[in-house]
Amino acid sequence: MEFLKAIEEKWQGKWEKAKIFEADPDPKKPKYFITVAYPYPNSPQHIGHGRTYTLADVHARYMRMRGYNVLLPMAFHYTGTPVLAMAKRLADNDKNLIHDFIKVYKIPEEKLKELTDPMAMAWHFHQEIKTGMKEIGYSIDWRREFTTIDPHYNRFIEWQFQKLRQAGYISRGSHPVGWCPKDGNPVGQHDTVGDVEPEIAEFTLIKFKQNNLAFPTATLRPETIFGVTNIWLNPNTKYVKATVDDEQWIVSKECVEKLTHLNRKVKVLETFEGKKLVGHYVENPATKTKIPILPADFVDPKNATGVVMSVPGHAPYDYVALENLGKTPSQLKEYGLTPETIESVKPISLIEVPGYSEIPAADAVKKMNIKEQTDPKLEEATKEVYRHEFHNGKMKPNTGKYSGLSVNEAKEKVKQDLIAEGKATTMYELLNRPVLCRCKTECIVKIVQDQWFIDYGKQEWKALAHKNLDEMEILPEELRSEFNNVIDWLHEKACARKSGMGTRLPWDKNWIIESLSDSTIYMAYYTIVKHIKEHKLQPAQLTDEVFDYVFLGIGKATEIAKKAKLDAKIIEEMHSEFMYFYPLDSRHSGRDLVPNHLTFMIFNHTAIFPEKLWPRQIATNGSVMMEGAKMSKSFGNIIPLREGVAKFGADPIRLSVLSTAELLQDAEFSPAIAKSMRERLERIYKFTSEVAKSSGNAKTSQNLLTAIDRWMLSRLQEHIRKATEAMDKLAVRKTINSVLYMLEQDFQWYQKRIAPQKEKRKNTIECVYRRVLDAQTRMLTPVAPHLCEELWEMMSGKGFVSLASWPTADESMLNTEVEENEALVKDVLEDTLNIIKATGMTPKKIYYYTACPWKWKVYLKMLEKASHGEVKMSEVMKELVAEDDLKKNVKEVANFAQKTLKEVNRMPQDRRERVLKMKALEEKAAIEDAKDFLKQRLKAQIMVYSEEDSQRYDPKNRSILSMPFKPAIYIE
């Protein structure tokens, strides 16, 4: 481990000294601009974060080796509440947080008081994250580093928002937003524990009446009102009678605050436990029938109104709850209910669904064998019933004028009619509650007055976003539909708040732009920030006119520069550099940012920049799991990135987070995986060290190469081809598999094969070794750069391997024949070992018999026929017996053809084409060539005959069993 640490420090120092990752415009080279989400400095990064950032770095390193001038910059996102919330929790002596800081993050206890200052905390973690990024070997141009509270960056964001406002994309009004009642601020994904985006839905509140008293039940399925059989209240929670606007309502105590934040006038008249109303009756406003109020502990008073309507015919939860309630006489007695009351509550069928009985809820419950309300399968049952009803259901005659309508149509019509008749209203609620603000308060929905919004609901803007998406590469491609859906459903997004860190709205300084709104086009700022630093520009000099010229080419540089008291050359250089690196070639992020940041990036680029400067690619990856759970602070299963690097090494960690899953899959990390990666790298280092000590070189005459050498070099080209194809799609796991496993497997076979002749052919073998190691080292460089720099230096490579060219497959070295011959040798060895194992023999002599020419002729003829469709025995035999040399032994030909028929029909097309192109193998020669190797491995004499050899030794007549690619074997 120590030698790996020394290698890491050595090459990180050399990279920094040589400034090899500092990218400036170079007209002689094509550019490639990659960014990855800048981190919040409110805690150290852990290994889970490492996957996204390492993937971006691997991409950058790969493109650099492909000849591109690659820019990979980094900054830090101070905006919003994450840092403020963390500092406040620390100041409030949050025991869990203090434990994490001391035990997990290894921060000295005496430093904690200092970190209660938000800026001190942000700076501490800023430096911690930056150091970790350097230690793991990210190829970042640190000259472009900034924070989102830098005054110069604030000017850039002010310019962006002025552009959005001028284009008509900023609005002000009253809209529902996720809200923290304690902080008094809107909340988005980056303001919540676990980075959860509050999902707001409009519920229909249907008013079930008891005289003038309304029981408003919140539902997303108003069309099911015709099947309501009862109302559920939680008997053990507090409810209130309150005046809501001009009516008297019964709602949970927790609902009062929610209604207030939704701008309703609420006055509580009475507070009582739900059990007080159990057994009472209310009237269904649609059917005018009287239905009972029944007790249910599962009713959550924090969800909407805390009053729930029961539709047991179509809602599995309600069906099971009624079944359970009928089996608890003691509970019924407690509330003054009788079994007869429950028995009278019968499920009502109101939707006809193909494939279901009159009561779909009962069908789903019975199918999944659900007995209790606590069974987690109830959620699955509910989704299944609703899915079928929504897509295939028709309303029945007992729904009146809605009869015959689809559920989808009826849902909206019933809602609108009930509201128009005063029998219903609406309420906003969080679908994914509970969502906790970072201050640990549960978030609610608030209708905010005079709130500033970015209006992502504008249809003409959505059209531009779709156009950008259509022209963009999405990796992996299956996420494209998700992006399209997000573009379609996005609407007004609160873009500012009254507290937190960040940029103030340029036209209303009381508001601070929130974190998901000041992080959408900052990629453009990376291209100019080094000029701002180098020339020590003042924020006031970065006028809107300066940014207009730099990013949009508007105006005359000399006039703008004079007005801003700038040298015109400076803004011309900034414009030139921006135009060189833009558009953004690739944006990396985790999948969780698809519904917000990544889609906002698309929208904002289309609003501000011309089409030629819109982003070209988004690469999205899954999470990192540890012991089956997502690696997260909230699960207590994180390993800080720096700790992981110190314990296992930078390259082993890089390989660990990228080798167990493809892009969108969740990767599994464990210390055992990291350890195995380290051991594998150590073996490569040891072997390369030994080869490097020899005096061989990477060149030798083609005439000196034997079949096994040509096999190894042919296989090498195939691995290069596969690794390159995988990297082009960012299928890094496949690349690692090709380079670290499949190539290594072939290389180990080669070493076994040449063992008997190693001393005789030392120079040629070492030449092959060096060619393989040269290519393997270069292909491994993006994922394990430190070790590869060391190996490259050992093998006298020129300069840094990080700047060397990616290997290209040499088509002239691809050799199907030698690959097939070697596959034959492998198969022969495996078959022989299996026979020895099965018989328990200790062989002295082993005889191989290769198939005679007529068998090959039949075999190839059948393969040719199979290329045009399934081979029929009768058809192929007609053609075979027409051949002069096959007429003599029709019976043998027929028997052989029958034996091979199944194999020929099942053979994959690409394999079939490969064999037909190659024709008959020289099997006898191939095995003869491997005799020394087989003799060494099998510890027996090896004899090889052709099936038709008249001098063959074949006491058991085994030769007649020989087939193409499968010689017969006899052991003595």
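A pocket, as I use the word today, is found on a 1 Å grid over the protein atoms alone: it is an open set of points where a 1.4 Å probe fits, with protein on both sides within 12 Å along at least five of seven lines, and its lining residues have an atom within 4 Å of a point. Grid points are joined across faces, edges and corners, and the volume is the space filled by probe spheres set on them.

The model is predicted, so to speak of local features we need pLDDT of at least 70, and side-chain atom pairs count only at pLDDT 80 or more, while totals for chains, interfaces and linings use all residues. Residues are numbered from 1 along each chain as its sequence is written, and side-chain values use heavy atoms, with hydrogens and water left out.

First, the whole chain. Its C-alpha atoms fill a box of roughly 110 × 80 × 55 Å along the principal axes. There are 35 helices and 30 strands; these are DSSP runs, H or I of at least four residues for helices and E of at least two for strands, numbered from the N terminus. Of the 972 residues, 57% are buried, meaning under 20% relative accessible area with a 1.4 Å probe, protein chains only.

Now the second largest pocket. Its volume is about 1,200 Å³. The lining has 31 residues, and F203, L220, N303, Y317 and T382 lie nearest the centre. At least two lining residues come from each of β6 (213-219), β13 (308-310), α8 (316-326) and α12 (377-392). The largest share, 4 residues, is that of α12.

Two strands count as paired if DSSP finds at least two bridges between them. β25 (residues 624-626) pairs with β26 in the antiparallel sense over 2 bridges, and M625 stands opposite K630 in β26.

Last, one residue. R155 sits in helix α6 (residues 151-166). Is R155 buried or exposed? R155 counts as buried, because its relative accessibility is 15%. Which residues does R155 contact, leaving aside neighbours within four places in sequence? They are P539, L542, T543, D544 and F547, where contact means heavy atoms within 4.5 Å.

Note on methods
Buried < 20%, exposed > 50% of the residue type's maximum accessible area, 1.4 Å probe, protein only.
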